[in-house]
Amino acid sequence: MVGEGVLHECLRHPEVEQVLIINRKPSGESHPKLKEIIHPDFFNLSAIEGQLQNYNACFFCLGVSSVGMQEAEYHRLTYDLTMHMAQTLARLNPQMVFCYVSGAGTDSTERGRSMWARVKGKTENHLRQLPFRETYMFRPGYLHPTPGLKNTKKYYAAFSWLYPILRRFLGKYASTLQELSLAMINAATKGYEKPVLEVEDIVKLAKA
């Protein structure tokens, strides 16, 4: 859902000249700005490295839920996979801005009780050590979906009516997917004063 929402805003944005998406299966999207690579193994990018050069930014939206998952597998799909792709991109595009979609509650100390938060914290910490021009860690909370997109989970329909209440009374935990997407674009084009962006930062940067 997040990747589709970010792609939607990138294709509409006047400052985005070209978008490359890497998928395991076709997205079904078609646009003059868009190029798509279908690649089954994100742990081995050697076959497509030549197509990953000369990009200004990476908006890394890949992620899995930790629900029902053992720590070793969650670590492999969250930390190992992300770092492999990021290290490859840093080598090919050292002037790239890398934007990583993390999550509210991520544990930067890597020592907390929550498994997913520790793994996300480790991922954030190690991404910031890579030789990109800039790295930004985005920590959204509840994301209100962009209307009309096809990858929105069906359960959002059951409680999306609560969003105006969440936004009014718990604004530091809720934003729209559009705001996250615009904040990522603005981070790449304008920069931001902090490398880790909580929900309030995301909303602020979306308006920049």
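This is a predicted model: local features need pLDDT of at least 70, side-chain atom pairs count only at pLDDT 80 or more; totals for chains, interfaces and linings use all residues.
I will start with the rings. A search of the whole structure gives four aromatic pairs, and I will go through two of them. Phenylalanine 60 and tyrosine 100 form a tilted pair, with 6.1 Å from centre to centre and 35 degrees between the planes. This pair links distant parts of the chain: phenylalanine 60 is in strand E3, residues 57-60, and tyrosine 100 is in strand E4, residues 97-101. The two are 40 residues apart. Both phenylalanine 60 and tyrosine 100 are buried.

The other pair I want to show is phenylalanine 98 with phenylalanine 132. These rings are stacked, at 5.0 Å centre to centre and 25 degrees between the planes. Phenylalanine 98 belongs to strand E4, while phenylalanine 132 sits in the loop between helix H3 (115-127) and strand E5 (134-138), so this pair ties together parts that are 34 residues apart in sequence. Phenylalanine 132, at 9%, counts as buried because the cut-off is under 20%. Taken together, ring pairs join Phe60, Phe98, Tyr100 and Phe132 into a cluster.

Next, the packing around those rings. In soluble globular proteins, nonpolar side chains tend to be buried together. Here the largest nonpolar core has 28 residues. Which of them touch the most other members? They are Leu52, Phe60, Leu89, Phe98, Leu127 and Phe132. The elements giving two or more residues to this core are E3, H2, E4 and H3, and H2 gives the most, with nine residues.

Leaving out neighbours within four places in sequence, phenylalanine 98 is in contact with Cys58, Phe60, Ala86, Leu89, Leu127, Phe132, Glu134, Thr135 and Tyr136. There is also a second, separate core of 27 residues, and among its members are Val97, Leu177, Ala187 and Ala206.

Now helix H2 itself. H2 runs over residues 71-92, which makes 22 residues. From first C-alpha to last it reaches 30 Å, close to the 32 Å expected at 1.5 Å a residue. H2 is bent by about 25 degrees at leucine 77.

Two charged side chains lie over rings. Arginine 24 is over the face of phenylalanine 42, at 4.3 Å from the ring centre. Lysine 122 is over the face of tyrosine 79, and the distance to the ring centre there is 4.4 Å.

Last, the backbone. Asparagine 54 is not a glycine, yet its phi is positive, at about 70 degrees. Where is asparagine 54? It lies in the loop between strand E2 (34-38) and E3. Asparagine 54 has a relative accessible area of 73%, so it is exposed. Glutamate 110, also a residue other than glycine, has a positive phi near 65 degrees. Glutamate 110 is in the loop between E4 and H3. With a relative accessible area of 31%, glutamate 110 is partly exposed.

To close, two points to take back to the structure. Phe60, Phe98 and Phe132 belong to the ring cluster, and they are also among the residues that touch the most other members of the largest core. Helix H2 gives that core nine residues and bends at leucine 77.

Conventions:
Residues are numbered from 1 along each chain as its sequence is written. Side-chain values use heavy atoms; hydrogens and water are left out. Helices (H or I, at least four residues) and strands (E, at least two) are DSSP runs, numbered from the N terminus. The expected span of a helix is 1.5 Å times one less than its number of residues. The bend at a residue is the angle between axes fitted to the seven residues ending there and the seven starting there. Rings of Phe, Tyr and Trp (its six-membered ring) pair if their centres lie within 6.5 Å; planes under 30 degrees apart count as stacked, over 60 as edge-to-face and the rest as tilted. Buried means under 20% relative accessible area, exposed over 50%, partly exposed in between (1.4 Å probe, protein chains only). A charge sits over a ring if NZ of Lys or CZ of Arg is within 6 Å of the ring centre and within 35 degrees of the ring normal. A nonpolar core is a set of buried Ala, Val, Leu, Ile, Met, Phe, Trp, Tyr and Cys residues joined through side-chain atoms within 4.5 Å. Contact means heavy atoms within 4.5 Å.
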